[in-house]
Amino acid sequence: MKFQVLDIIPHLENPLTGEIVSTADRLNQVVETARRAEALGFDSFSVGERHAGEFISSSPTTVLAAIAAVTERIRLHTGVTVLSVLDPIRVAEDYATIDQLSRGRLEITIGKGNEVLQYPLFGLDLADQWDLLAEKYALLRRLWREEGVTWSGRFRAPLTEPTTTTPRPFNGSPRVWHGSATTLTSAALAGKWGDPLFSANAIQPRENYAVLIDHYREEYERHGHDPRRQYVGSGCGAGGVFIAATTQEAIRQFGPVYEALTANRHVPGNNSPFRDIQHAVAEGPSLVGSPEQVIDKILSYHELYRHDLQSISLPTTLPFEQQLEILERFALEVIPAVRAAAPTTLWEAEDPYGSRPEFAQNNQSATAGRNLADVH
């Protein structure tokens with residue numbers, strides 16, 4: 001299995017102390033966490049995108065550019081790029097720029113977003129969110145794979161003159177994942193195009209996410225794509241990761257914070273059913289407990305999801321040094337055991353995107369360095 005750190009950059013008070021870091025400090029924490037994650041051997045770092053609510057992730061391209069400047073090997077992701085509210089031309093340009101700065105380390109995850117208030121901000125109708133996503137992704141694929149694109153659709157002005165976005169991506173089109181949280185639609189879109197799926201695995205029972213993943217696999221196979229490229233990622237819920245020597249100690253330390261944050265969240269249709277820490281540890285996706293407890297939970301999800309990429313989120317209302325301690329414990333005490341028990345070909349030589357970053361091209365055979373613009 002491969003491992004990712006995801007930060008959707010919530011900007012919240014610690015519910016027990018009332019403390020909150022400045023916006024500048026919070027953004028710099030994201031960059032430093034990515035730098036540490038690379039040093040600890042994580043495979044990927046992902047930055048979220050929100051345009052409403054208690055988040056400061058409205059400009060993930062800027063944050064990823066800062067991360068690209070202080071890292072060399074870790075892959076750069078989004079979680080998610082809210083393509084439904086964005087212009088595909090701008091997305092193609094901005095993320096190709098990051099891809100060039102990072103020398104081919106970019107992969108993005110697209111979705112319609114998890115915040116309904118974003119749509120009126122951009123003058124869009126929420127009822128169109130799925131149609132917007134499908135149409136804009138079809139255009140984005142062409143912009144990254146072709147030059148001289150002409151196009152017409154429902155939601156933006158046509159491209160009547162042949163259009164080539166610049167800069168071009170570093171070495172063929174970056175891979176695009178599809179974020180899936182609540183409906184079959186994103187799973188079906190990923191299956192249609194033969195792209196990987198990223199399951200939020202956040203606030204619903206695990207069986208609900210298994211339905212989405214199974215639907216993705218069915219659609220992927222129905223459209224005739226190579227089953228060897230059928231990759232799945234999984235998140236770990238709003239509670240994130242908290243590791244202590246024993247599960248009881250983790251519950252004692254983190255339980256009050258988790259329960260206060262959960263109690264403060266009242267978004268109809270988007271609330272976690274795992275309201276108390278005991279319930280979250282026993283049945284929810286949060287990775288809270290001893291290293292052994294966390295290993296067992298990830299592998300229990302792997303039995304159901306057969307996922308290749310495990311994404312974790314740190315409890316960002318805690319003191320930053322404590323967050324980094326959790327990150328280090330996870331890297332040293334959890335990752336090796338899970339990697340050994342759940343191998344994957346993701347980003348390895350068998351994966352056509354495995355050789356895409358410059359550092360990987362230098363380490364793999366020339367036969368692995370395919371022209372990725374022709375993949376799928």
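**Cores, a cavity and a buried histidine**

Tutor: In this predicted model, the largest nonpolar core has 76 residues, and Phe42, Phe45, Ile67, Ile312 and Phe330 touch the most other members. Helix H11 (residues 320-341) gives the largest share of this core, nine residues. Another core, of 13 residues, lies apart from it and includes Ala187, Ala210, Ile213 and Tyr216.

Student: Which residues is phenylalanine 42 in contact with, leaving aside its neighbours within four places in sequence?

Tutor: They are Phe3, Gln4, Val5, Ala37, Ile74, Ile312, Leu327, Phe330, Ala331 and Ile335.

Student: Why does histidine 307 count as buried?

Tutor: Buried means under 20% relative accessible area. Histidine 307 has 1% relative accessibility, so it counts as buried.

Student: Where is histidine 307 placed?

Tutor: Histidine 307 is in the loop between helix H10 (291-305) and strand E13 (309-312).

Student: What makes the link between the side chains of histidine 307 and glutamine 310 a polar contact?

Tutor: The cut-off for such a pair of N or O atoms is 3.5 Å. The two side chains are joined at 2.9 Å, which is within 3.5 Å, so the link is called a polar contact.

Student: What is known of the largest cavity?

Tutor: The volume of the largest cavity is about 60 Å³, and the structure holds two cavities of 30 Å³ or more. Strand E1 (2-7) and helix H1 (23-39) each supply at least two residues of its lining.

Student: How many residues of that lining are nonpolar, polar and charged?

Tutor: Four are nonpolar, four polar and two charged. Among the lining residues are Val5, Asp7, Arg26 and Gln323.

Notes: Residues are numbered from 1 along each chain as its sequence is written. This is a predicted model: local features need pLDDT of at least 70, side-chain atom pairs count only at pLDDT 80 or more; totals for chains, interfaces and linings use all residues. Side-chain values use heavy atoms; hydrogens and water are left out. Helices (H or I, at least four residues) and strands (E, at least two) are DSSP runs, numbered from the N terminus. Buried means under 20% relative accessible area, exposed over 50%, partly exposed in between (1.4 Å probe, protein chains only). A polar contact is a pair of N or O atoms within 3.5 Å; within protein, one must be able to donate a hydrogen and the other to accept it, and residues adjacent in sequence count only if both atoms are side-chain atoms. On a 1 Å grid over the protein atoms alone, a cavity is a set of points where a 1.4 Å probe fits but cannot get out, and a pocket is an open set with protein on both sides within 12 Å along at least five of seven lines; lining residues have an atom within 4 Å of a point. Grid points are joined across faces, edges and corners, and a volume is the space filled by probe spheres set on the points. Ala, Val, Leu, Ile, Met, Phe, Trp, Tyr, Cys and Pro count as nonpolar, Asp, Glu, Lys and Arg as charged, and the others, Gly among them, as polar. A nonpolar core is a set of buried Ala, Val, Leu, Ile, Met, Phe, Trp, Tyr and Cys residues joined through side-chain atoms within 4.5 Å. Contact means heavy atoms within 4.5 Å.
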